[in-house]
Amino acid sequence: MGSTVDNRIPVWLDCDPGHDDTFAILLAAYHPAIRILGISTVFGNASLEKTTRNACSILTSISRSHSIPVYIGASHALHRPHLHAPTDIHGESGLDGTKLLPAPLVGPDTSVDAVTAMSTALRSCAPGTAWVVATGSFTNAAQLFLSHPDLVSHIKGLSLMGGAFGTGFTPAILGTVDGVPRVGNWTQFAEFNVLADPEAAHAIFSNKELAGKTTLIPLDLTHMVLTTEQVRDLILYGPEGKEAHPELPQDGSKGKTTLRTMLVELLMFFAKTYADVFGITEGPPLHDPLAVAAVLTGLVGTPLEEYQIPFWDFSPGTVEKHRERFEVTVVTEGSYEDARVNGAKTGMTVAKPLPEGEEGVRIPRGLDIPLFWKVLEECVSRADEANARGDDVLPN
């Protein structure tokens, strides 16, 4: 009997959990078209110690702690001092808001560092097939390609959540702090992942070959994907809706599984902080899983075509639809304190459109949002089934 060909997309996920990273891990772990190679952690939404523990806890909550390894990455930026982790959005732990997150069944693999683990896993994949997805600071991703430059030609793509452009790049509302409209979410000008390590972002975007393989998911896109009450009900009750579950409280306090309740408790904490800090009250944007979903593009004409999630290089509704690519530059001058206190533009991203046909960074302006939520809920259902089966055991 011949072996079955595995056509799934190999993905390495680098993250800093983080409420929205929880959904990125869930999507990467349970999407039928993705083969997750491993997870590396990085400083960001909390300290490296906390983001690593959070990643292991999330995997335990979805019955994947024995099957997906976690490796410890960078605790600070390439050329900057330690950044004090913010607590106003994700809380002290990085995952405040629920008591249902389990203690990790399996801790991180400390046999090798994250960059070594990433390079080994990527080299095990056929050329032109594997993606790196980074949803925290870009430190690990930049170090990977600085240390192993041959991997730039080896990978299929790099998908990053980060940056913000404003100036009507999309119809999204980016938020207001103290009455001042924002482009960034950490300072008036800068998105947090880029500001956390602007030199890492510069290293990626200034590498022309790597930039040509990079998809950037900025706040301009993620702020179009809000976890509204309707979305939270979908996650709590499934597509059948709350009416199909009269045995449950109808106030949104409990879902049909413990996992679903936990996920929505995390979202509700995230929703409150986004409303309090940015004045966005419809629901918080779910940034990080969009960077995972972005690998599910370009699948038309392949065996995975049915799993395509359309991301558009143009504004939805425009008459002229064309392939856009950009040269992205990053402001690296200034310290963290300059950016936070003195109004410096450190970490600001600027996108310059390239001539049609020239390779550069892809920055989607839209996506099929209803399909994204449908796919995410299906992954929650698969995790529910794995939890019910008790799948999280040591492999034979």
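A: Gly366 is buried, because its relative accessible area is 1% (buried means under 20% relative accessible area, exposed over 50%, and partly exposed in between, with a 1.4 Å probe and protein chains only). Gly366 belongs to strand β12, residues 366-367. Helices here are DSSP runs of H or I with at least four residues, strands are runs of E with at least two, and both are numbered from the N terminus. Gly366 and Val225 are 141 residues apart along the chain, and their C-alpha atoms are separated by 9.5 Å.

This is a predicted model, in which local features need pLDDT of at least 70 and side-chain atom pairs count only at pLDDT 80 or more, while totals for chains, interfaces and linings use all residues. Residues are numbered from 1 along each chain as its sequence is written, and side-chain values use heavy atoms, with hydrogens and water left out.

Seven of the 10 residues of α3 are buried, so the helix is mostly covered. The buried ones are Ala114, Val115, Ala117, Met118, Ser119, Ala121 and Leu122. Their cover includes strands β1 (9-15), β2 (34-41), β3 (70-72) and β4 (131-134), together with helices α4 and α5 (151-154). At the N-terminal end, Asp113 caps α3, with a side-chain oxygen 3.1 Å from the backbone nitrogen of Val115.

Next comes the pairing of α3 with α4. The axes of α3 (residues 114-123) and α4 (residues 139-147) come within 10 Å and cross at roughly 65°. Axes are lines fitted to C-alpha atoms, for helices over the stretch in contact, and angles run from 0 to 180 degrees between N-to-C directions. On the α3 side the contact is made by Val115, Met118, Ser119 and Leu122, and on the α4 side by Asn140, Gln143, Leu144 and Ser147 (contact means heavy atoms within 4.5 Å). Sorted by class, this contact has four nonpolar, four polar and no charged residues. Ala, Val, Leu, Ile, Met, Phe, Trp, Tyr, Cys and Pro count as nonpolar, Asp, Glu, Lys and Arg as charged, and the others, Gly among them, as polar.

Asn140 lies in α4 and counts as buried because its relative accessibility is 2%. Its side chain is joined to that of Asp14 by a polar contact of 2.7 Å. A polar contact is a pair of N or O atoms within 3.5 Å; within protein, one must be able to donate a hydrogen and the other to accept it, and residues adjacent in sequence count only if both atoms are side-chain atoms. Beyond neighbours within four places in sequence, the contacts of Asn140 include Ser40, Thr41, Val42, Gly73 and Ala74, as well as Val115 and Met118. Leu144 is also found in α4, and its relative accessible area is 0%, so Leu144 is buried. Apart from neighbours within four places in sequence, Leu144 is in contact with Val115, Met118, Ser119, Leu122, Val132 and Leu151.

Arg260, in helix α11 (residues 258-278), is buried because its relative accessible area is 0%. The Arg260 side chain reaches the backbone oxygen of Ile235 at 2.7 Å, and it makes a polar contact of 2.7 Å with the side chain of Asp384. Not counting residues up to four places away in sequence, Arg260 touches Leu234, Ile235, Leu236, Tyr237, Gly238, Glu377, Val380, Ser381 and Asp384.

A nonpolar core is a set of buried Ala, Val, Leu, Ile, Met, Phe, Trp, Tyr and Cys residues joined through side-chain atoms within 4.5 Å. The largest such core has 65 residues, of which Leu13, Leu26, Ile39, Ile62 and Phe372 touch the most other members. Leu26, leaving out residues up to four places away in sequence, touches Ile62, Leu263, Leu376, Cys379, Val380 and Ala383. A second, separate core of 38 residues includes Cys125, Ala130, Leu160 and Val330.

One loop residue is buried too. Ser63, in the loop between α2 (48-61) and β3, has a relative accessible area of 8% and is therefore buried. Its phi is near 60°, a positive value in a residue other than glycine.
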